[in-house]
Amino acid sequence: MNYTSQSVKILIILIIILSSKTKLYSQSENTFNIIKYEINIDIYHCFKTPFPHSFSASEIITIVPDSQTSQINLNAVNTSLNIDSVSMAGISFTHVNNMLSINLNKLYDEGETFDLKIYYSHKDVKDSALYVRDGIVYTDCEASGARKWFPCKDIPGDKALLSLTAAVPRNVILGSNGLLADSTVNNDTIYYHWVSNFPIATYLMAIAGKVNYNLDVISWKRPNGEDMQVRFYWQNGETIFNLSNIKNKIGKMLDLYSRLYGDYPFEKLAFATTNKEFPWGGMENQTLITLCPDCWTEDLICHELVHQWFGDLITPMTWSDIWLNEGFATFNEAIWRESQSGYAEYKTNILKEAATYLSKNPGWAIYEKSWNVSEPDDSILFNADITYSKAGCVLHLLRYVLGDSVFFRSMDAYTNNPDFKYGNITTSDFINFISRISGRNLDWFFDEWVYKPNHPVYQNNYNIESTGSGKWKINYTLNQIQKNTGFFKMPVELKIYFKDKMDTVIKVNNDYNFQTFNLEFDDEPRKVSFDPNNQIVLKEVK
């Protein structure tokens with residue numbers, strides 16, 4: 001992306017937000033869209049003994065209705081937040097059952113933008129969204145934690161701009177989304193002002209601050225020649241060798257994914273380590289990736305980095321579509337390995353993910369329609385075997401079906417498509433787009449691998465016979481015996497080993513069960529190997 005002036009850039013982003021949200025929400029129950037959050041939080045005392053979780057805050061929310069409305073309903077968890085008052089367009093409110101209902105000062109028409117101000121505070125409670133301990137403060141919002149530290153429309157399909165100001169002690173370094181617009185010191189307090197000029201889903205909005213954080217800043221040159229900051233927030237006691245390795249390789253990672261999926265899409269990139277309470281290995285907050293303490297490992301860094309394209313640039317519309325985040329991130333760990341050590345290393349990584357799924361498969365599909373409206377427990381939504389390992393392997397299968405040239409051309413077209421960039425995607429939209437751009441109807445592929453559970457179990461057989469005229473015939477029957485799902489149509493490779501000439505691999509299209517392929521050769525075959533390169537990695541063979 002070539003950068004324009006700041007004002008033109010903001011106008012372009014606002015047009016993207018308004019146009020995409022009108023399309024995506026006009027038929028939903030949501031009667032408004034949020035354009036921008038301006039959050040002002042005073043977390044000074046969170047860094048001081050006894051390290052309370054309580055803080056005071058205010059926010060201004062810029063809203064545009066998509067139908068007439070005189071009331072706005074926001075997510076705000078009662079056990080975490082106290083609402084003190086509302087102003088500007090808000091005149092009164094109720095806060096019950098984790099919903100903040102605000103009555104407006106008039107009936108606003110469709111498309112009539114207004115600002116709403118909320119004064120609120122966070123209670124002195126642990127809530128798995130705001131983490132405070134011994135001089136470190138950070139947030140972690142996926143899937144629905146943002147509503148625990150600021151009132152918001154907390155669904156992945158609503159993306160907005162963010163301006164965040166945080167008051168902290170002078171010895172605290174604090175990062176957030178976007179760019180640091182300014183930092184102002186007043187006596188023993190510093191006010192950090194972070195601004196994002198690109199829309200963010202609420203689950204990707206974050207802060208991370210610590211007393212005496214170490215901060216290293218390096219520069220990466222974008223493909224257009226501009227320099228971009230990469231910031232590393234790290235802590236004393238971490239393994240410097242591992243951190244140095246990442247600092248040395250982050251530019252190559254950015255180069256790789258920018259080449260495959262389009263230029264890195266945001267203002268900056270940052271990584272911040274947290275503490276032992278952090279529930280994940282890493283979290284892909286937009287431009288501020290949080291990591292478990294001392295977790296400077298290549299696979300993890302690649303995984304979270306590629307989320308900036310798959311998840312942050314293009315965000316799932318609902319939690320049903322989360323596999324498009326985690327599948328692509330898992331798959332691209334292997335792509336990094338391939339770029340460094342060749343295809344064999346890529347395949348080793350993919351086979352490891354396949355083995356994880358095959359040994360622990362809980363038996364549900366990658367896509368679950370009910371998650372559109374009812375978010376499941378994290379143990380289901382972020383199940384490592386399905387949402388990560390199987391989904392990553394499905395993308396390998398798509399690469400195998402399409403071939404490298406068509407696959408990577410299709411992925412580049414996807415991440416650079418203006419209908420999706422800085423917006424949201426549904427699984428059906430993804431399937432339709434990849435089918436169209438690749439020139440292949442892929443409904444069958446996604447129906448069996450994404451919409452249906454489990455995997456094929458093959459029990460094949462063949463025989464070799466002489467035709468009596470100096471030729472030899474192989475009758476190969478492909479047979480699937482799984483009982484817990486339907487038939488899996490796939491292109492299948494068969495390797496023929498001959499008595500007197502070089503072995504050969506042929507590919508057949510397995511379109512139905514008990515399908516027999518009659519193959520004739522001039523030389524005597526010795527045996528046949530099914531899927532010799534193990535491309536159909538999600539399978540069992542009996």
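Is Ser339 buried, exposed or partly exposed? Some notes on this predicted model, starting there.

1. Ser339 is partly exposed, because its relative accessible area is 35% (buried means under 20%, exposed over 50%, partly exposed in between, with a 1.4 Å probe and protein chains only). You'll find Ser339 in helix 4, residues 323-341 (helices are DSSP runs of H or I with at least four residues, strands are runs of E with at least two, and both are numbered from the N terminus).

2. A word on ground rules. Residues are numbered from 1 along each chain as its sequence is written, and side-chain values use heavy atoms, with hydrogens and water left out. Since the model is predicted, local features need pLDDT of at least 70 and side-chain atom pairs count only at pLDDT 80 or more, while totals for chains, interfaces and linings use all residues.

3. Confidence: the chain has a mean pLDDT of 93, and 94% of its residues reach 70 or more (pLDDT is the predictor's confidence in each residue, from 0 to 100). Residues 1-29 have pLDDT below 50, and this stretch has 52 contacts in the model beyond near neighbours in sequence (contact means heavy atoms within 4.5 Å).

4. Now the inside. The largest nonpolar core has 163 residues, and Ile43 and Phe430 have the most contacts inside it (such a core is a set of buried Ala, Val, Leu, Ile, Met, Phe, Trp, Tyr and Cys residues joined through side-chain atoms within 4.5 Å). Helix 7, residues 384-402, gives the most to this core, with 11 residues. Leaving aside neighbours within four places in sequence, the contacts of Phe430 include Trp323, Met411 and Phe446.

5. Have a look at Asn177, in the loop between strand 11 (172-176) and strand 12 (179-186). Asn177 is buried, with a relative accessible area of 1%. The side chain of Asn177 reaches two backbone oxygens: that of Leu204 at 3.0 Å and that of Gln286 at 2.8 Å.

6. Five strands form an open sheet in the order 15-16-17-19-18, with mixed pairing (two strands pair if DSSP finds at least two bridges between them). Strand 15 (214-221) and strand 18 (282-283) are the edges, each pairing on one side only. Helix 3, residues 298-306, packs on the sheet and touches strand 17, strand 18 and strand 19. Strand 17 (269-273) and strand 19 (289-291) run parallel, joined by three bridges.

Methods. Polar contact = N/O pair within 3.5 Å; in protein donor to acceptor, adjacent residues only side chain to side chain. Axes fitted to C-alpha atoms, helices over the stretch in contact; angles between N-to-C directions.
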